[in-house]
Amino acid sequence: MKKVEAIIKPFKLDEVREALSEIGVTGLTVTEVKGFGRQKGHAELYRGAEYVVDFLPKIKIEAVIADALVDSAIESIVRAARTGKIGDGKIFVTPVEQVIRIRTGESGAEAV
């Protein structure tokens, strides 16, 4: 099993969720986060005063996925989240050693 974390633009959340659902990903966690990469934020004008927004709003999606689905999940996220502009996001994949469902005590693939 692998944990797939994707940082995407907020307006792409529904498209990414639907794409993952289509390939059989059954659960995910979504968090509103802020950050920046190469784009380093941007300047905005508010009531005549200019100020710099260092951290841009993003969405972090986390899912624990069976090894067999990881590649198709990555492809689905990339296809659904891509705008072709700077700030589209990143995907991180890390191994998961153990999963335990608290309610039943199940572990491993049955707990996902």
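Modeller: Strand S5 (residues 56–65) gives the largest share of the second largest pocket's lining, four residues; helices (H or I, at least four residues) and strands (E, at least two) are DSSP runs numbered from the N terminus. The model is predicted, so local features need pLDDT of at least 70 and side-chain atom pairs pLDDT 80 or more, while totals for chains, interfaces and linings use all residues. Residues are numbered from 1 along each chain as its sequence is written, and side-chain values use heavy atoms, without hydrogens or water.

The second largest pocket has a volume of about 240 Å³, that is, the space filled by probe spheres set on grid points joined across faces, edges and corners. Its lining holds 16 residues, and Gly27, Ala63, Val64, Ile65 and Val112 are the closest to its centre. A pocket here is an open set of points on a 1 Å grid over the protein atoms alone, where a 1.4 Å probe fits, with protein on both sides within 12 Å along at least five of seven lines; lining residues have an atom within 4 Å of a point. By class, the lining has 10 nonpolar, four polar and two charged residues. Ala, Val, Leu, Ile, Met, Phe, Trp, Tyr, Cys and Pro count as nonpolar, Asp, Glu, Lys and Arg as charged, and the others, Gly among them, as polar.

As for the helices, the crossing of H1 and H2 is right-handed, meaning the near helix is turned clockwise from the far one by less than a right angle.
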